[in-house]
Amino acid sequence: MVIKTVINPSYEWREDGKKLGISHRELEVFALLSEGHDNKEIAQILNIQYQSVKNHLYSLSKKLKAINVAQATVILQFKNMIRLEYPTLPENYQKQFTNENMIENMKKQLEENNGNLNKKEKIKLRKFLVDHELYGQMYEDRMKELRESEKDKS
């Protein structure tokens, strides 16, 4: 399956984009990386130095507080800075890969007790979602409740 990473033109005007200070070049480099190009190919495509590619990726990961490309992809996608397109999939399958559907799937994983995620993995996923403001105010309020109840137990 081929995935196409598209930079949303409005990212520069969004509060998330302004707050993080992400440049268009950083997003260009990231888009090519997420499509499967290596650093050397990206440098050739964008006509920049190899070290510049590495610098842009490092800077972007620091701004996003992402530990890998997968996390950076999730953060950028949920902040509507990039959009992933799946041109080789039939249209009815493409609808399954919307931000809303992915967030709902993550919520279900956190709420289910069927063993897909252990307690440590759930805590890590919750922290990731809250830290990157991907879960919304309702979830942050719930997390505050849980933290307070844990303090009461101590």
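Reader: Where is the place of N47?
Author: In this predicted model, N47 sits in the loop between helix 3 (39–46) and helix 4 (50–64).

Reader: What makes N47 count as exposed?
Author: The relative accessible area of N47 is 71%. Exposed means over 50%, so N47 is exposed.

Reader: Let's turn to K65. Where does K65 lie, and what is its phi near?
Author: K65 belongs to the loop between helix 4 and helix 5 (69–78). Phi of K65 is near 60°, again positive in a residue that is not glycine.

Reader: How do you know whether K65 is buried or exposed?
Author: Its relative accessibility is 65%. With the cut-off for exposed at over 50%, K65 therefore counts as exposed.

Reader: Now for the inside. What makes a set of residues a nonpolar core?
Author: The members are buried nonpolar residues joined through side-chain atoms within 4.5 Å. The largest such core here has 21 residues, and I22, L64 and L76 have the most contacts inside it.

Reader: Which element gives the largest share of this core?
Author: Helix 5 does, with 4 residues. Among the elements that each supply at least two are helix 2 (24–34), strand 2 (82–85) and helix 7 (99–111).

Reader: How many residues does the other core have?
Author: That core, which lies apart from the largest one, has 8 residues, including V29, I42, L46 and L57.

Conventions: Residues numbered from 1 in each chain as written. Predicted model: local features only at pLDDT ≥ 70, side-chain atom pairs only at ≥ 80, totals over all residues. Heavy atoms only, no water. Buried < 20%, exposed > 50% of the residue type's maximum accessible area, 1.4 Å probe, protein only.
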